[in-house]
10 protein chains.
Amino acid sequence: MKYLVHMDVNLPAGMPAEEAAAIKATEKAYSQELQRSGKWPEIWRVVGEYANYSIFDVESNDELHGILQGLPLFPYMDITVVPLAKHPSDVK
Amino acid sequence: MKYLVHMDVNLPAGMPAEEAAAIKATEKAYSQELQRSGKWPEIWRVVGEYANYSIFDVESNDELHGILQGLPLFPYMDITVVPLAKHPSDVK
Amino acid sequence: MKYLVHMDVNLPAGMPAEEAAAIKATEKAYSQELQRSGKWPEIWRVVGEYANYSIFDVESNDELHGILQGLPLFPYMDITVVPLAKHPSDVK
Amino acid sequence: MKYLVHMDVNLPAGMPAEEAAAIKATEKAYSQELQRSGKWPEIWRVVGEYANYSIFDVESNDELHGILQGLPLFPYMDITVVPLAKHPSDVK
Amino acid sequence: MKYLVHMDVNLPAGMPAEEAAAIKATEKAYSQELQRSGKWPEIWRVVGEYANYSIFDVESNDELHGILQGLPLFPYMDITVVPLAKHPSDVK
Amino acid sequence: MKYLVHMDVNLPAGMPAEEAAAIKATEKAYSQELQRSGKWPEIWRVVGEYANYSIFDVESNDELHGILQGLPLFPYMDITVVPLAKHPSDVK
Amino acid sequence: MKYLVHMDVNLPAGMPAEEAAAIKATEKAYSQELQRSGKWPEIWRVVGEYANYSIFDVESNDELHGILQGLPLFPYMDITVVPLAKHPSDVK
Amino acid sequence: MKYLVHMDVNLPAGMPAEEAAAIKATEKAYSQELQRSGKWPEIWRVVGEYANYSIFDVESNDELHGILQGLPLFPYMDITVVPLAKHPSDVK
Amino acid sequence: MKYLVHMDVNLPAGMPAEEAAAIKATEKAYSQELQRSGKWPEIWRVVGEYANYSIFDVESNDELHGILQGLPLFPYMDITVVPLAKHPSDVK
Amino acid sequence: MKYLVHMDVNLPAGMPAEEAAAIKATEKAYSQELQRSGKWPEIWRVVGEYANYSIFDVESNDELHGILQGLPLFPYMDITVVPLAKHPSDVK
């Protein structure tokens, strides 16, 4: 089941550089593990922004929320979720 | 080069049913040809709306505009385009 | 799996009264059948508006889209869908 | 009398972790007591957000405001309230 | 129980002048009867607009929706409703 | 001359509790004096928000601005003002 | 007493050219009479739009609404009104 | 003196194809004459939309409004104008 | 050449009172000098807000930006600028 | 390939003046080098704002993101990007 997710990152101005670097490294590992598992099949950077659009492929709303809430950057992101359905013109 | 495209369809209230059916059939064929060519790799229905989110993979802004402007439903759609870049956490 | 759905109805000004009455009657029957099936457990009128907030309980995004697209008033409604997850404070 | 309430939580960046944990624990107890009393029959997490949609069932606008203002997280939430009426298609 | 209600009127461009005059006359009678009953204690014109802000004083959300839905201009208005509670500084 | 005024209060997160209590007490006294004078005939709490809708009855725009600017909470509020006129259906 | 008024004109697509010309001529005469009376001291075209910003100088909210409602283009305009007060830095 | 101008075209659904073609041809000639004169140095299509962003280089606000109001498509466009100044980092 | 300018002032919560008073005094002197020069012919307070609407009368976009950027409160204001043209109904 | 880019700068209130000056100097050098390379052919100040509109001319979305992300002011800017295509009326 697919969802389009937009994540917009806003780190607090006063966060120390090392703390920011540590969170980003953990975030990257967390994201890549989920990508490899097939649950996070696509991630793109939005040109000009510290933001991404991603596709998630999960079993339920609850599973998606669990994944998103577990993101190390979760407290610093505005996230919006659009549930997707199969399109009748889709050739796949 | 990837772009996220949102298409929101608004057919005029007075359009005859056969005309609407004909436009939709042409649209479907046009879309599926582009999907098979690799230029329109993803299309999803937005749940609850007569709208889709799509990914396009083209050579340039001009090529993308040419494709979108050629959509049979183009005069009846509100389209927004978000240019995408490779994300540093992308494992692909 | 729960979703909060907002439906805002806008019938065209020129629709004949009998046609409007017929669509509304079909809509009511369609809605009540789904309510009785357990897939549409809640429906409330928004005070002062020709709109409703509803809770749907379905197996997937695709099932929800199928139900909403099948609404007789679908061509005349603006629909927005919010996917819901279990809340950690929920006592049920 | 039903109301749909949306609560969006924004804890200040600098709040100490123990203080945040204490407020959340008090909030949970307060919410669960109201759920058990029947005044707060439904609470759902919005997928991807630190927010909830809830249904309240109270006697009056004043009673609802008293409950919401008493939430331990009240100073840190943006709350919106939609009054609901019985829907003519409701089978209950 | 008080509610602030905003009504914004948009008559269709093609409505015949007599039809418009008849609806407005019925609306005025309906409004004045409710004002005299105490259920619609205040109505003000918004300067420069074909719109009003009103205060309603009713027993429940359902009663308010019944009154608003019964307005002869209901099909031609955008209505928003804000539930009000007693203010702790109110001297009355 | 009537105006509808919306006041939305946002106290800074770091304001000491005694300072907040002192400002609120001064605000209450200021408001109640104006209510008793007839210049601030109505004040209601917006359900679920630290905000109010009020009616002011003053001689001029300048008088209204003077009153609002004198509110002890003025530096911490977003205020919007809607000028009101007599409604042709008003029975008073 | 001054007000800033924004008027945005939207003539219906199907209005006959002569009818449009007649309304505009009446509007111009009405506006110029009010300008000469001192009640409408300023009117400017918004660059690129069929819209204007104007300053009105009247005795009351009711007088302003009467003037605006009397505009021949009133049924075809979106009007917003901002009440103005004397600025403490004003040298006049 | 430079201005950034956004033009969004909305032709009425019922406009006959020949009428639309005639207006577009006149628009093109009008635009190209102004481009050659140096007053309209840049025009770009917004990807996916029937809209353009343009740069105008004129002597005054009045001259710009005269040019825009003279566009054959003016009655069918939403136009927004942003006045531009020299940027301190500009190397030209 | 006229422009309508809206200035919305937001002083940081932590600015010392003397610093705020000093900036406001400098701002007032700066504004009054420009008013006397004829370049800033009108300034009004927006009722209920720490904001003003002003008319500027300058030679060019560059001159206007220079004036606005020179305002002592410039770093603490949200400014929007609307270029104005002569209105065909203006009697002056 | 052209893009219209809007950059809106918001330096934190507490940033020391020397730090701000140093970042701005680096930003200016970075911008001017890109302007001279032909990749950033236009930059204009938005009148009244600490913001610019720019035209970029690059090979791909990825190249544009790399340039924008490298801006010394990137962490302090809200950036929006509009992809542009050749306009059919363009005489160049």
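This is a predicted model: local features need pLDDT of at least 70, side-chain atom pairs count only at pLDDT 80 or more; totals for chains, interfaces and linings use all residues.
**Reading contacts between chains**

Reader: How many salt bridges cross the interface of chain F and chain D?

Author: The rule finds zero salt bridges there. As for contacts, seven residues of chain F meet eight residues of chain D. Together the two chains bury about 560 Å², and carbon and sulfur atoms account for 67% of that. On the chain F side, F:Val47, F:Gly48 and F:Glu49 lose the most area to chain D, together 75% of what that side buries.

Reader: By what turn can chain F be laid on chain D?

Author: Here is the general idea: two copies of a chain are related by a rotation about an axis and a shift along it. In this case, the turn is 72°, with a shift of 0.0 Å along the axis, and the RMSD is 0.0 Å. The two copies are thus related as by a five-fold rotation axis.

Reader: Now for another pair. What area is buried between chain A and chain B?

Author: About 2,600 Å² is buried between chain A and chain B, with 61% coming from carbon and sulfur atoms. In chain A, the residues that lose the most area to chain B are A:Trp44, A:Arg45 and A:His87, together 24% of what that side buries. The contact draws 28 residues from chain A and 28 residues from chain B.

Reader: How many salt bridges and polar contacts are there between chain A and chain B?

Author: There are two salt bridges between chain A and chain B. To count, a side-chain nitrogen of Lys or Arg must lie within 4 Å of a carboxyl oxygen of Asp or Glu. A:Glu42 forms such a bridge with B:Lys92, their closest N and O atoms being 2.4 Å apart. On the side of chain A that touches chain B, the elements giving two or more residues include helix 1 (17-37) and strand 2 (42-46) of chain A.

Reader: And inside the protein, how many residues are in the largest nonpolar core?

Author: That core has 47 residues, and among those with the most contacts inside it are F:Met7 and G:Met7. Elements of chain F and chain G each give two or more residues to this core, including strand 1 (2-9) of both chains. Leaving out residues up to four places away in sequence, G:Met7 touches several residues, among them G:Trp40, G:Phe56, G:Leu68 and G:Ile79.

Methods:
Residues are numbered from 1 along each chain as its sequence is written. Chains are lettered from A and ligands numbered from 1 in the order in which they are written. Side-chain values use heavy atoms; hydrogens and water are left out. Copies are superposed by least squares on the C-alpha atoms of residues with pLDDT of at least 70 in both. A nonpolar core is a set of buried Ala, Val, Leu, Ile, Met, Phe, Trp, Tyr and Cys residues joined through side-chain atoms within 4.5 Å. Buried means under 20% relative accessible area, exposed over 50%, partly exposed in between (1.4 Å probe, protein chains only). Helices (H or I, at least four residues) and strands (E, at least two) are DSSP runs, numbered from the N terminus. Contact means heavy atoms within 4.5 Å. Buried area is the accessible area (1.4 Å probe) that two parts lose on being put together, summed over both.
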